[in-house]
Amino acid sequence: GTVRYRDRRGRPKLVRYFLMRPLDGAFAPGHEVDELRWLEPAEAVRTLSYPHDRDLVERATAAAR
């Protein structure tokens, strides 16, 4: 799913979420993404700050069942 909103500075922001499971690979932090975490959906909902992000994770989890 995709969520669009304006950040605290008024800039447009686009966030894309994917239902995935880790298989292999590596991650290197950059200027856009500084951390990668694999979470179960319930933990992701508790971790997210914005209601629209939590709603998206809950809807995606329900659709995947």
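**Exercise 1. Classify Thr61 as buried or exposed, and place Thr61 in the fold.**

Solution. Thr61 has a relative accessibility of 16%. The cut-off for buried is under 20% relative accessible area, so Thr61 counts as buried. The structure is a predicted model, and every value used here is computed from that model. As for its place, Thr61 belongs to helix 2, which covers residues 51-64. A polar atom of the Thr61 side chain lies 2.8 Å from the backbone oxygen of Val57. Both Val57 and Thr61 are also in contact with Pro41, once the neighbours of Pro41 within four places in sequence are left aside.

**Exercise 2. Describe the chain as a whole: which elements does it hold, and in what order do they run?**

Solution. Start with the count: the chain has 2 helices and 2 strands. Read from the N terminus, the order is β-β-α-α. Next, the extent: along the principal axes, the C-alpha atoms fill a box of roughly 35 × 30 × 20 Å. Then the burial: 17% of the 65 residues count as buried. The accessible surface is about 6000 Å², and carbon and sulfur atoms account for 50% of that surface. Last, the contacts: take those between residues at least 6 apart in sequence, and 29% of them join residues at least 24 apart.

**Exercise 3. State how many salt bridges the chain has, and go through each pair.**

Solution. The general idea comes before the count. Side chains of opposite charge can pair when their charged atoms come close. The criterion is a side-chain nitrogen of Lys or Arg within 4 Å of a carboxyl oxygen of Asp or Glu. By this rule there are 3 salt bridges.

- Step 1. Arg11 and Asp7 form a salt bridge through their side chains, with an N to O distance of 2.7 Å. Arg11 is partly exposed, because its relative accessibility is 43%.
- Step 2. Glu35 pairs with Arg37, and their closest N and O atoms are 3.4 Å apart. Glu35 counts as partly exposed at 49% relative accessibility, and Arg37 counts as partly exposed at 48%. The side chains of Arg37 and Glu35 also make a polar contact, at 3.4 Å.
- Step 3. Asp55 and Arg59 meet in a salt bridge at 2.9 Å, N to O. Both residues lie in helix 2, 4 residues apart, or about one turn of the helix. Asp55 has a relative accessible area of 36% and is therefore partly exposed.

**Exercise 4. Find the nearest side chain of opposite charge to Asp53, and say what Asp53 touches.**

Solution. Asp53 is located in helix 2. Asp53 is buried and has no salt bridge. The nearest side chain of opposite charge belongs to Lys13, 7.4 Å away. A salt bridge needs the nitrogen and oxygen within 4 Å. Not counting residues up to four places away in sequence, Asp53 touches Val3, Tyr17 and Leu48.

**Exercise 5. Compare sequence separation with C-alpha distance for Phe18, Arg37 and Pro41.**

Solution. Take the residues one at a time.

- Phe18 sits in the loop between strand 2 (12-16) and helix 1 (41-47). Its relative accessible area is 62%, so Phe18 is exposed. Phe18 and Thr2 are 16 residues apart along the chain, and their C-alpha atoms are separated by 9.1 Å.
- Arg37 is in the loop between strand 2 and helix 1. Arg37 and Arg8 are 29 residues apart in sequence, with a C-alpha to C-alpha distance of 24 Å.
- Pro41 is in helix 1. Pro41 is partly exposed because its relative accessibility is 30%. Pro41 and Leu19 are 22 residues apart along the chain, and 9.3 Å separates their C-alpha atoms.

Methods:
Residues are numbered from 1 along each chain as its sequence is written. This is a predicted model: local features need pLDDT of at least 70, side-chain atom pairs count only at pLDDT 80 or more; totals for chains, interfaces and linings use all residues. Side-chain values use heavy atoms; hydrogens and water are left out. Buried means under 20% relative accessible area, exposed over 50%, partly exposed in between (1.4 Å probe, protein chains only). A polar contact is a pair of N or O atoms within 3.5 Å; within protein, one must be able to donate a hydrogen and the other to accept it, and residues adjacent in sequence count only if both atoms are side-chain atoms. Contact means heavy atoms within 4.5 Å. Accessible areas come from the Shrake-Rupley method with a 1.4 Å probe; for residues, only the protein chains shown count as cover. Lys and Arg count as positive and Asp and Glu as negative; His and the chain ends are not counted.
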